[in-house]
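Please read them with the sequence and the structure side by side.

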Amino acid sequence: GITDSRAPLEAVARSAADAGASFFVSGALFLKPCSLPTFFAFVEKHFLGQIQAYRRRYGKSAFVSAEYRKRVAELVDAVSRKYGLGRRRMEDAREGSDSGAAVAMQPWLPFGN
């Protein structure tokens with residue numbers, strides 16, 4: 001919809017890489033019923049051309065389809081590779097993936113090893 005195409009993802013990834021970021025991750029919007037009216041009002045006001053797509057995606061569930069999540073994940077992976085950004089999940093680094101190679105333990109962060 002608003003930020004799930006190549007151009008906006010590349011803009012963020014490029015800026016992140018330029019700023020020295022190591023990782024680039026994304027997640028599909030989870031739209032709880034209590035937030036749905038407010039979000040839809042925002043989309044209608046600022047992105048009117050997208051409102052029907054959002055109604056289709058979130059009219060029956062707070063989650064988007066598996067196909068949509070897969071499409072966006074593949075796009076984010078491609079953009080991440082283009083800008084040399086890895087994935088943040090430690091599982092990816094343990095699997096030995098190239099994108100996780102830059103992950104290093106950071107003991108000063110407030111989460112466990």
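1. A helix here is a DSSP run of H or I with at least four residues, a strand is a run of E with at least two, and both are numbered from the N terminus. With that in mind, the chain of this predicted model contains five helices and zero strands, and its elements, read from the N terminus on, follow the order α-α-α-α-α.

2. Two totals describe the chain as a whole. Of its 113 residues, 27% are buried.

3. Helix 1 covers residues 6-18, and its 13 residues reach 18 Å from the first C-alpha to the last, close to the 18 Å expected at 1.5 Å a residue. Its buried residues are L9, E10, A13 and A16. They cover an arc of only 130° around the axis, and this places them on the same side of helix 1. The face turned away from that buried side carries the exposed residues A7 and D18. After helix 1 comes G20, whose phi is positive, near 95°.

4. What do the buried residues of helix 1 pack against? Their partner is helix 4, residues 66-82. E10, which has its place in helix 1, deserves a separate look, since a charged residue (Glu is counted in that class) is here found buried, with a relative accessible area of 11%. Leaving out residues up to four places away in sequence, E10 touches V79, K82 and Y83.

5. A11 also has its place in helix 1, but with 32% relative accessibility it counts as partly exposed, because that class lies between the limits of under 20% for buried and over 50% for exposed. The C-alpha atoms of A11 and V79 are separated by 9.7 Å, although the two residues are 68 residues apart along the chain.

6. Helix 4 has 17 residues, which at 1.5 Å a residue should span 24 Å, and its end C-alpha atoms are 24 Å apart, in agreement with that expectation. Buried in helix 4 are Y68, V72, L75, V76, V79 and S80. These cover an arc of only 135° around the axis, which puts them on the same side of helix 4. On the other side of helix 4, E67, K70 and R81 are exposed.

7. In helix 3, the buried residues are I51, A53, Y54 and Y58. They cover an arc of only 160° around the axis, which puts them on the same side of helix 3. These buried residues of helix 3 pack against helix 2.

8. Two packed helices are described by the angle between their axes and the distance between the axes. For helix 2 and helix 3, the angle is about 160° and the axes are 9 Å apart. That makes helix 2 roughly antiparallel to helix 3, because angles over 145 degrees are counted in that class.

9. Which residues meet where helix 2 packs on helix 3? From helix 2 come L36, F39, F40, V43 and E44, and from helix 3 come I51, Y54, R55 and Y58. By class, this contact of helix 2 with helix 3 has seven nonpolar, no polar and two charged residues.

10. A last point concerns F47, which lies in the loop between helix 2 (36-46) and helix 3 (51-58). Is F47 buried or partly exposed? At 32% relative accessibility it counts as partly exposed. Its C-alpha atom is separated by 9.0 Å from that of G1, a residue 46 residues apart from F47 along the chain. When neighbours within four places in sequence are left aside, F47 is in contact with I2 and F42.

Methods. Residues are numbered from 1 along each chain as its sequence is written. This is a predicted model: local features need pLDDT of at least 70, side-chain atom pairs count only at pLDDT 80 or more; totals for chains, interfaces and linings use all residues. Side-chain values use heavy atoms; hydrogens and water are left out. The expected span of a helix is 1.5 Å times one less than its number of residues. Buried means under 20% relative accessible area, exposed over 50%, partly exposed in between (1.4 Å probe, protein chains only). The arc is that of the directions from the helix axis to the C-beta atoms. Contact means heavy atoms within 4.5 Å. Axes are lines fitted to C-alpha atoms, for helices over the stretch in contact, and angles run from 0 to 180 degrees between N-to-C directions. Angles under 35 degrees count as roughly parallel, over 145 as roughly antiparallel, 65 to 115 as roughly perpendicular and the rest as oblique.
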